[in-house]
Amino acid sequence: MNDSWFSFSLPDFSYAFVSVLLEGVPFVLLGTILSGLIDQFLPARFMTRLLPRNAFAAVCLGGVLGIIFPMCECGIVPVIRRLIAKGLPVSSAVAYMLAAPIVNPITALSTYAAFRGQGAAEFTALRLGLGFFVAVLAGLAVLNLPIGAVLKKTILESVTLSGAVGDGGLSAHPLLRRLIGAMEAGVRDFLDVMVYFILGVGVASLFSTAVNQEIFLPLSLDDRLAIPAMMTLAGVLSLCSSSDAFIAATFVAFPAVAKLAFLVFGPMMDLKLVFIYSAVFTPRFVATLAIGLFVIIGLLCLRLAVVLP
Amino acid sequence: MTGILSRFAASGVLMVWGLVLTYFYLSDRIISYLHPAFHIYTAISGGVLLLLSLLLLLTVPSDSSRHALPGMGIFPLLLLTVPLLAATKLSPSQFGATAVMNRGMINNISDLPGFSPPQEPGLPNADGSIAEGTMMDPSLYLKKNADGYISAEAVDLLYAAGEPVMREDFENKQVEVNGQFLPALTGNPNGDRFNLTRLFVMCCAADARPVAISVESNPAIDLPKMTWVKVRGKATFPVEGGRHIPVLVAESVAETEAPQESFIY
């Protein structure tokens, strides 16, 4: 074990950086291809017509959309960006964005597999339930915010423009032209999101290779320290939500609630996601979301410590 | 950068990414970075990016400003290409000692990602024979090399340490294990042990967890950290710290080539 809490190695950083890019780019690409298709083929205000009029019900629906349209955290941002432009309320979009990486069949199965022999069914249910609950809470909080405080100016303009011109007569365009339009929109989103993705992966790779992870171990003895420590670790490691449960399960010294906090907070907010979210949201909103999620998940898990061993 | 120039720049960026992803897949370098389940996604993405790059050039609209691709200033252009190319060049395709030691060693099988306790074997028949299908003949999974050593992985010995029936299969047998050398900074009272390490991967190298067994060597071995070695010796499982731990008592330790597939899954 290294003596220092931080020891940087350029080859190690480069190796982790390339491996996350190779793993993540297919999912970003999938998200941007979907976003291009949404841009050209989903009629404007379609989402408005689809969602319930009741704001609370619409946010709750956003929280369970991941079951029908599962997306990982890397690919979801370009999708919600286009869905917002097509009329999905920002509150529902935030609930979908935060819940989808957790409340989906793939994450449920991987969590169940990782925690076999450690109350897998209960743990999986708790992870999905808490993920949904926190995502809906965040969505409801966004309901009370002015849209200009949440969305970046360029995204806000695209929403306004979409509302003003409808679908711009897109449906009347020949299929080939719409496909070319979808490709261009997808490429535009890919390049935009990749700028933030690369920055995020860079910061995450720096910390995941240079920080001595055993500095967190002494914190495992007290729930009040173990929970924030594991959430911090989740933020630093920036793992994929489909495999993070296998890593969390290896922190045997930590109490179950701390692992739960790791598995709920990590897919919603990590170093990589701070940058990716910045492709859509204002820096102030991203910072508020990060702090809010940290506090809410921390407090909820601390409360759950009473019932969870 | 606007209009047609922006479109060419976007096409160039996609081309670079497509080529890099395709290169990693076709050169098999990807084996050192990702779990096999993810290789195909990288290959498909590389192909799609190359196709998109080409299509962008083939579909230039007559009014080029209509489909200008924003965000392609010099800074984004550099950010989208230089770090990828530099990291591809600099990356040694394996972790060094710094990152491995920062992650801490897994030397107890129950700490391994995805570990589930083995099922108890079925009860024997009334005559004491083992019921068919309840126990696997060890010779089916313990393969020996030409010199009679059981070819094992570090993780096999970790499993054996935690499971009595499997421990019997290995205990005091001659085994051969490959791994990377790291000095043993703990659990080394006589100064004659080192860690034989492998990386256990779930998705990609970034989530790799180092798995290690102890090797006892007389005289003590000192090599550059993370050197690939082939160790031959006797598998033992002494009780230390209240549990069985795998200790390979070395007969020989020889430097060896890194295997093409350096991870264990």
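**View 1. Buried residues of helix α3 of chain A.** In α3(A), A:Ala58, A:Val59, A:Gly62, A:Gly63, A:Leu65 and A:Gly66 are buried (20 or more other C-beta atoms within 10 Å of the residue's own, with C-beta atoms placed from the backbone). This is a predicted model: local features need pLDDT of at least 70, side-chain atom pairs count only at pLDDT 80 or more, and totals for chains, interfaces and linings use all residues. Residues are numbered from 1 along each chain as its sequence is written, while chains are lettered from A and ligands numbered from 1 in the order in which they are written. Helices (H or I, at least four residues) and strands (E, at least two) are DSSP runs, numbered from the N terminus. The cover over the buried residues of α3(A) includes α5 (90–99) and α7 (120–143) of chain A. Contact here means C-beta atoms, placed from the backbone, within 7 Å.

View 2. Helix α3 of chain A has 14 residues, 55–68. At 1.5 Å a residue it should span 20 Å, and its end C-alpha atoms are 20 Å apart, which agrees. The expected span is 1.5 Å times one less than the number of residues. At A:Gly62, α3(A) bends by about 30°. That bend is the angle between axes fitted to the seven residues ending there and the seven starting there.

**View 3. Where chain A meets chain B.** Chain A puts 51 residues into the contact, and chain B puts in 61 residues. On the side of chain A that touches chain B, the elements giving two or more residues are α1 (10–41), α6 (105–114), α10 (175–210) and α12 (244–248) of chain A. α1(A) gives the most, with 16 residues. This side of chain A divides into 30 nonpolar, 14 polar and 7 charged residues. Ala, Val, Leu, Ile, Met, Phe, Trp, Tyr, Cys and Pro count as nonpolar, Asp, Glu, Lys and Arg as charged, and the others, Gly among them, as polar.

**View 4. Paired strands in chain B.** Strands β2 (residues 174–183) and β5 (residues 228–236) of chain B pair in the antiparallel sense over 7 bridges. Pairing requires at least two DSSP bridges between two strands. B:Val177 has B:Val231 in β5(B) as its bridge partner. β5(B) is also joined to strand β8 (residues 247–255) of chain B by 8 bridges, and these two run antiparallel. There, B:Val229 stands opposite B:Glu255 in β8(B).

How values were computed:
A residue is buried if 20 or more other C-beta atoms lie within 10 Å of its own, exposed if 12 or fewer, and partly exposed in between; C-beta atoms are placed from the backbone. Two residues are in contact if their C-beta atoms, placed from the backbone, lie within 7 Å.
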